[in-house]
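The exercises below are to be worked with the sequence and the model side by side. Each task is followed by a solution in steps.

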Amino acid sequence: MFKNLNTEALGLSTGQSELIELALSFGFRGVDLDVVDFSAQVKEQGLPKARRLLDSAKLKIGAFKLPVRWQADDETFKDDLQKLPELIGPAVEIGAARAITNIEPASDERPYHQNFEFHRQRLGQLAKALEPKGVRLGVGFSAVAADRAGKAFEFIHTFDALTMLLGMTPADNLGVVVDLWQLWASGGSIDLVRKLKTQQIVAVYVSDVADPGAEPEKQPIATRRLPGETGTIDVAAALALLAEMGYAGPVTPLPDSSQFAGLRRDAIVKLAGEKLDAAWKAAGLSPSGKLAASAGR
């Protein structure tokens, strides 16, 4: 696995060149890609020019947001699905092979059982559309109680429920986004990840919690902190487990950006890199994300 940078996750808006510069400056080995923007660059400049900086930097492509409004009406979904192969094609050419999306934890339209079937069918169609391109789809969830407030019907908001949904969706390229903060907020533990097959893990996000004594489910997303802030979430133990499982994908810091008020963007990325480095070392990992022999694992 590798240290991955998503500047949007840090509250920053950057172009491709700045993203690459920040990643190289502060020890990241991969970056998430905006496939819509990259596709537009390719149309304007051609693929060789659009990919030149990424190729010269020798950075891995972490993941990309799935550019499909798959929870919308049938017509919108069908239209986006038809455009998907062409839209992501250039990104696939440079090694993008992990798409991510999230499910909403509540609905005003569909009760649980209907929503479950709706998601099962839509996710199956998405996975089928991505399969010829060699792309895996990772699905995440929200455990935040406020995200369900005021809605008529609650839906999936725990890791177990998510894996049940995905297990009932027949697609070999469908898996989970392991977000340690959401896992904690849902009352789950890293042991739930241990039950997965390695190929089911598409992407990993790491965070800590502002208040060690906080009641998980009632925490707002603003309590996300960088790894190692309080030690409430044992990020090092999670990384060690993922290494033992043979996970080889991106590991991305995902704090709430409100904590960075007043900091320059290079200082923010530097801090994120340092916190991830510390968790990496505490887990006994080599720079390439494997358990070091000296760790005795």
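Buried means under 20% relative accessible area, exposed means over 50%, and partly exposed lies in between, with a 1.4 Å probe and protein chains only. This is a predicted model, in which local features need pLDDT of at least 70, side-chain atom pairs count only at pLDDT 80 or more, and totals for chains, interfaces and linings use all residues. Residues are numbered from 1 along each chain as its sequence is written, and side-chain values use heavy atoms, with hydrogens and water left out.

**Exercise 1. Overall form**

Task: State how many helices and strands the protein has, and decide how its radius of gyration stands against the globule rule.

Solution. 
Step 1. Helices (H or I, at least four residues) and strands (E, at least two) are DSSP runs, numbered from the N terminus. The protein has 10 helices and 13 strands.
Step 2. The radius of gyration is taken over C-alpha atoms, and the globule rule is 2.2 Å times the number of residues to the power 0.38. For 297 residues the rule gives 19 Å, and the protein has a radius of gyration of 19 Å, so it is as compact as a globular protein of that length.
Step 3. Along the principal axes, the C-alpha atoms fill a box of roughly 50 × 50 × 40 Å.
Step 4. Of the 297 residues, 51% count as buried.
Step 5. Contact means heavy atoms within 4.5 Å. Among contacts with a separation of 6 or more, 80% come from residues 24 or more positions apart.

**Exercise 2. Helix α5**

Task: Check the span of α5 (residues 112-130), then list its buried residues and some of what covers them.

Solution. 
Step 1. The expected span of a helix is 1.5 Å times one less than its number of residues. With 19 residues, α5 should span 27 Å, and its end C-alpha atoms are 27 Å apart, which agrees.
Step 2. The buried residues are N115, F116, F118, H119, R122, L123, G124, L126, A127, A129 and L130.
Step 3. Their cover includes the helices α4 (74-93) and α6 (159-167), together with strands β5 (98-102), β6 (106-107), β7 (136-140) and β9 (174-179).
Step 4. N102 lies in strand β5. At 48% relative accessibility, N102 counts as partly exposed.
Step 5. Leaving aside neighbours within four places in sequence, N102 is in contact with W70, Q71, G140 and F141.

**Exercise 3. Helix α9 and K197**

Task: How many residues of α9 (residues 235-245) are buried, and is K197 buried or exposed?

Solution. 
Step 1. Nine of the 11 residues of α9 are buried, which leaves the helix mostly covered. They are V235, A236, A238, L239, A240, L241, L242, A243 and M245.
Step 2. These residues pack against α7 (180-185), α8 (191-194), β10 (201-206), β13 (250-253) and α10 (265-282).
Step 3. After α9 comes G246, with a positive phi near 85°.
Step 4. K197 sits in the loop between α8 and β10. Its relative accessibility is 54%, so K197 counts as exposed.
Step 5. K197 and M245 are 48 residues apart along the chain, and their C-alpha atoms are separated by 8.1 Å.
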